Each structure stands twice: as C-alpha cells, then as structure tokens.
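Thanks for coming, everyone. Please look at the sequence and the model before I start.

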Amino acid sequence: MSWGTELWDQFDNLEKHTQWGIDVLEKYIKFVKERTEIEISYAKQLRNLSKKYQPKKNSKEEEEYKYTSCKAFLATLNEMNDYAGQHEVISENMTSQITAELARFVQELKQERKSHFHDGRKAQQYIETFWKQLEASKRRFERDCKEADRAQQYFEKMDADINVTKADVEKARQQAQIRHQMAEDSKAEYSSILQKFNHDQREHYHTHIPNIFQKIQEMEERRIVRIGECMKTYAEVDRQVIPIIGKCLDGITKAAESIDQKNDSLLVIEAFKSGFEPPGDIDFEDFTQPMKRTVSESSLSNSRWDGKSEPKPGSKSKGKLWPFIKKNKLSLKLGGGPEDFSNLPPEQRRKKLQQKVDELNKEIQKEMDQRDALTKMKDVYIKNPQMGDAASVDHKLTELGQNMEKLQLEAQKFEGWLAEVEGRLPVRTEQSRRQSGMYDTQNTSAVNNCAQDRESPDGSYTEEPSQESEMKVPVTEFDDEFDDEEPLPTIGTCKALYTFEGQNEGTISVMEGEMLYVIEEDKGDGWTRIRRNEDEEGYVPTSYVEVYLDKNAKGAMTYI
C-alpha cells in the first residue's frame with residue numbers, strides 16, 4: 001500500500017501526521033534524557049551514602065573495622081560505590097547511544113520532511129496555476145462565441161432591412177466574420193491548453209505526487225524503525241551492566257558470609273583483656289571477740305586496686321577514692337598518657353608496647369632500605385664520576401645513620417618495657433593467687449623501689465609523677481564534694497608501715513612510722529581515709545598502714 005496512490009488527496013493530513021511523528025520522537029528523547037538524569041542523581045546519592053559511612057582515617061571508627069562484621073559492612077560500602085558506577089555507565093551509554101543519535105536524526109528528519117513537502121506544494125501550486133489558466137481560456141472562448149453569435153444576428157438583421165444602405169450591410173458582414181474568426185482562435189487556444197492541462201494533471205496525480213508521497217512514507221517508516229531500535233538499545237544498555245551489578249551483589253553476599261562471630265569474640269578478648277588474675281577466696285573473719293583482723297592478701301581490695309575497677313556507683317566514697325582515675329581517662333583522651341603506657345592494665349599495656357616496637361622496627365627497616373639505596377648510588381658515583389658527586393650523598397647517609405641510631409635506642413627502650421611487662425605476666429597457680437606475690441615484709445628494698453616500678457606493695461599500679469606535670473586537669477567534681485562534706489568523726493588510729501607520697505588528687509603523703517587518725521575504713525576498694533590534723537586528710541593504700549579501730553566503733557582491727 002502506497003501513500004502516493006491511496007492518499008493522493010490527503011496532502012494536509014500527511015503534513016500533520018509527519019509532524020506528529022517528529023513530536024513523538026522528541027518526546028522519547030526527552031524521556032531518555034530524564035532517565036539519564038535520574039541515573040546520575042541516583043549514582044551520586046549512592047556514592048555520597050557510601051562515603052558518609054566510610055570510616056574516618058586515624059579515628060576510633062577505623063579501629064572498629066578489625067571485626068569481621070565491620071569488614072563486611074566496609075565491603076558492602078565499596079560494592080555500593082561500584083554499583084553506583086554502573087548507574088553512571090547506564091547514563092553515559094544512553095546519552096551517547098540514544099539521546100545524541102536521536103537528536104541528530106531528528107534534525108535530519110526535519111530537513112528531509114521540509115524538502116519533500118516543499119516539492120509537494122510546488123507541484124500543487126503549478127497544477128492550480130495551470131487550472132486557472134485553463135479556466136481563463138475557457139471563459140475567453142465562451143465570450144468570443146457569444147460575441148460571434150451577436151455579430152451574425154446583427155448582420156442578418158441589417159441584410160434583411162431594406163432601409164439600410166449597402167455599406168452598412170457590408171460593414172456588419174465584416175464584423176460578423178471577425179467575431180467568428182476570434183471565436184475560432186479562442187476555441188483552438190482553449191483546446192490546446194485543455195489538452196496540456198489534462199496531460200500535466202495526469203502527471204501530477206499519477207507521477208509527481210505519488211513519488212513525493214512515497215518519499216514521505218519512506219521517511220516516516222525510517223522514523224518508526226529508528227525509534228524501535230532506540231528502545232532496543234535502551235533495554236540493552238541496562239542489560240549490559242546486569243553482570244557487573246550481579247558481581248557487586250555477589251561481593252556483598254560473600255562479605256556477609258565471611259562474618260565470623262567466633263573470631264569477633266576473640267578480638268573482643270584481645271581488645272579488653274587486662275591480664276589480671278581473678279581474686280582468690282576471702283578468709284573467714286571472726287567478730288565474736290575483740291581481736292586484730294588480718295585482711296586476706298588476695299582479697300578484693302588488692303585486686304580492685306589493680307586498676308581494673310572504680311568504686312561502686314552507690315558507694316559513699318564515689319568521686320573521692322578515685323578522683324585521679326577520672327584525670328587519667330581525661331588525660332588519655334587529650335593524648336597526655338605516659339610514654340610507657342603504665343596507666344593501662346598489663347595485657348593492654350603489653351599490646352600497646354608490642355605495637356610500638358613493631359612500628360619502630362618498620363621505621364628502622366625503612367631507614368636501612370634508604371641507606372642501602374644511597375650506598376649503591378654512592379658506589380655508582382665513585383665508579384662513574386660523570387653521573388654525580390659521591391660526596392653529595394655523605395650528608396644524607398650521616399643523617400640516616402643518626403636517625404637509625406635514635407630509632408634503635410627508642411626501640412630498645414620500648415623492648416625493655418615490654419620485657420618488664422611480659423615478666424610480670426607469669427602463669428599463676430592457685431597457691432600464688434592465695435598469696436599477694438607482690439609484697440614481702442622482709443624485703444624492704446622492694447618497698448623502697450615501688451615508686452620507680454610504679455607498683456604499690458600490694459601489686460596495684462599507680463601513676464608516675466610525670467603524669468601530673470604532663471596534663472593538669474582540675475577535677476572539680478571531687479573537690480566540690482570533698483569541700484562540702486561535714487568533718488567525719490575519728491573511728492580509730494593507724495600507723496604508717498611505709499612511706500607513701502600522695503601525688504594524686506584526694507591522697508595524702510605519710511612517713512613510715514607516723515601515727516594518724518582513721519576517719520573512714522576500707523570499703524573494699526583498697527583505700528583508707530585518714531586525717532593528720534583538722535586541715536590535712538586524704539586517702540592512703542590500706543596495705544601501707546596498720547589500722548586500730550575503736551572498740552565502740554567497729555572493734556579493734558588491723559590491716560596489713
């Protein structure tokens with residue numbers, strides 16, 4: 001079926017239909033363009049989402065990603081980033097393969113359509129002009145025929161009239177002949193134009209217009225085919241990224257399957273294990289008669305002073321017995337902890353020291369590699385002086401040597417602390433747990449050296465004096481509570497067994513053999529509150545004093 005034969009008289013409708021077809025094509029282009037914008041926006045949002053939940057470098061979050069569940073989440077974020085990249089690929093391919101191509105095709109289609117309909121209008125105008133010419137010739141032939149008839153009738157009338165002169169009759173006859181000749185000429189012209197018009201009209205409706213309409217039909221069919229191809233491309237662009245998106249999803253699934261709850265549990269142990277032994281059994285203490293009481297050397301008071309816990313939240317001494325613990329935590333947050341990590345429990349301290357030793361060894365190895373490379377360069381310069389001056393490398397080699405020496409000294413220092421900590425973490429037996437193991441009444445030298453070792457005689461860890469100078473943080477919570485309380489009554493006396501230098505907030509210094517008043521006994525946290533005079537009072541380790549309580553208060557007791 002051809003538009004040229006079937007729609008020969010539908011020029012205007014074809015013009016409207018082809019314009020509608022171009023509008024449909026432009027609408028599809030707009031649809032694809034908006035889809036590409038959605039894909040770009042979606043990809044951007046996915047990338048921002050992935051970036052938002054990425055761990056920040058050198059932060060606590062980065063340390064948390066050692067757990068398998070956090071590693072799986074990190075892998076999910078990375079896969080989502082790749083997933084977003086595939087949506088960007090969809091947008092790029094749709095833009096290049098559909099939007100840009102169709103935009104060029106539409107421009108070409110408009111030009112071609114304009115050319116075809118221009119030719120159609122030109123042919124239409126020609127046939128219409130020829131029709132008007134034919135009509136004019138026809139009217140002229142009709143007019144000449146009527147004029148010839150009137151001239152003939154006038155001649156016959158004059159010829160029949162006897163009163164008319166012969167000259168007038170002759171004149172009327174000649175006029176009739178002229179009119180007849182003009183009618184014959186008009187007839188011949190009209191016949192010629194009519195024949196030509198019929199020929200041109202047949203050519204117009206059977207040749208020219210069908211050819212033009214056929215080209216318009218072919219143009220419209222190409223448009224239809226092209227939009228179908230673009231729809232296939234639209235689907236194919238999506239289909240091409242499906243395998244890669246599938247790999248991203250497989251990566252997320254694989255990451256989820258790699259989560260190991262047992263491994264995460266072990267990591268928690270490694271992260272928080274203190275290295276302390278659990279306390280042993282507490283000896284029975286008989287209060288039926290006045291007597292001196294000896295606290296079990298492995299009692300909770302000693303183990304709690306091993307840096308593991310603070311006073312119970314409901315205890316009266318909250319904020320007083322451990323004010324320096326708060327300072328330690330704050331100073332650690334501010335980066336003011338001791339260099340040897342002595343503020344940490346043994347196991348955590350060992351891990352930190354081992355980590356520091358490993359870092360120093362890596363730096364030493366890096367310096368050695370640089371030194372070896374410069375040594376080789378110097379040898380090359382010596383053998384080939386034209387390549388460079390060997391003396392120019394000496395300064396750098398000297399600098400590397402000094403850096404290595406400093407790093408080695410630093411590593412030896414930390415290795416010594418590490419050896420010290422590892423020596424303090426023996427496998428303890430039940431018998432050793434029943435003994436304090438850290439205090440010997442016969443060994444006075446160990447007592448005298450407790451400040452250097454940062455250990456009290458009962459095995460607890462105390463702070464170095466340098467910590468107070470490194471980070472001065474006022475603990476107003478303790479000071480306010482301490483100042484607002486009414487003076488406590490004396491409940492007994494005590495004798496200092498060893499010298500204790502109270503360098504932390506809330507503690508008090510005592511000399512060996514000094515007698516003092518007891519105003520608050522040990523609550524189970526390893527500290528006793530004493531008073532020297534009305535203005536001086538504070539806490540000392542219970543193991544440093546021998547306490548005698550008044551009988552009317554709690555009965556006579558002795559802490560050793």
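Which residues of H10 are buried? They are Val393, Leu397, Leu400, Met404, Leu407, Ala411, Phe414, Trp417, Leu418 and Val421. Buried means under 20% relative accessible area; exposed means over 50%, and partly exposed lies in between, with a 1.4 Å probe and protein chains only. Helices (H or I, at least four residues) and strands (E, at least two) are DSSP runs, numbered from the N terminus.

A word on the source. This is a predicted model, so to speak of local features needs pLDDT of at least 70, side-chain atom pairs count only at pLDDT 80 or more, and totals for chains, interfaces and linings use all residues. Residues are numbered from 1 along each chain as its sequence is written, and side-chain values use heavy atoms, with hydrogens and water left out.

Back to H10. What covers its buried residues? Helix H9 (346-383) is included in that cover. H10 itself runs over residues 391-423, which is 33 residues. The expected span of a helix is 1.5 Å times one less than its number of residues. For H10 that gives 48 Å, and its end C-alpha atoms are 48 Å apart, so the two agree.

Now helix H5, residues 166-257. H5 has 92 residues. From first C-alpha to last it reaches 133 Å, close to the expected 136 Å. Where is the kink in H5 centred? On histidine 204, with an angle of about 45°. The bend at a residue is the angle between axes fitted to the seven residues ending there and the seven starting there.

Take valine 241, which lies in H5. Valine 241 is buried, at 4% relative accessible area. It is in contact with Gln86, Val89 and Ile90, leaving aside neighbours within four places in sequence. Contact means heavy atoms within 4.5 Å. Valine 241 and glutamine 86 are 155 residues apart along the chain, yet their C-alpha atoms are separated by 6.2 Å.

Next, tyrosine 190, also in H5. Tyrosine 190 is buried at 18%. With neighbours within four places in sequence left aside, tyrosine 190 is in contact with Leu134, Ser137, Lys138 and Phe141.

On to the cores. A nonpolar core is a set of buried Ala, Val, Leu, Ile, Met, Phe, Trp, Tyr and Cys residues joined through side-chain atoms within 4.5 Å. The largest one has 32 residues. Which of them touch the most other members? Leu25, Tyr28, Met94, Ile98, Leu102, Phe213 and Ile216. Helix H2 (11-52), helix H4 (68-160) and H5 each give two or more residues to this core. A second, separate core has 17 residues, including Cys494 and Val540.

Stay in H4 for threonine 99. Threonine 99 is buried, at 10%. Not counting residues up to four places away in sequence, threonine 99 touches Ile29, Val32, Lys33 and Met94.

Last, the sheet. Its 5 strands form an open sheet, ordered E4-E3-E2-E1-E5, with antiparallel pairing. Two strands pair if DSSP finds at least two bridges between them. E3 (residues 527-531) and E4 pair over 5 bridges. Arginine 529 stands opposite tyrosine 539 in E4.
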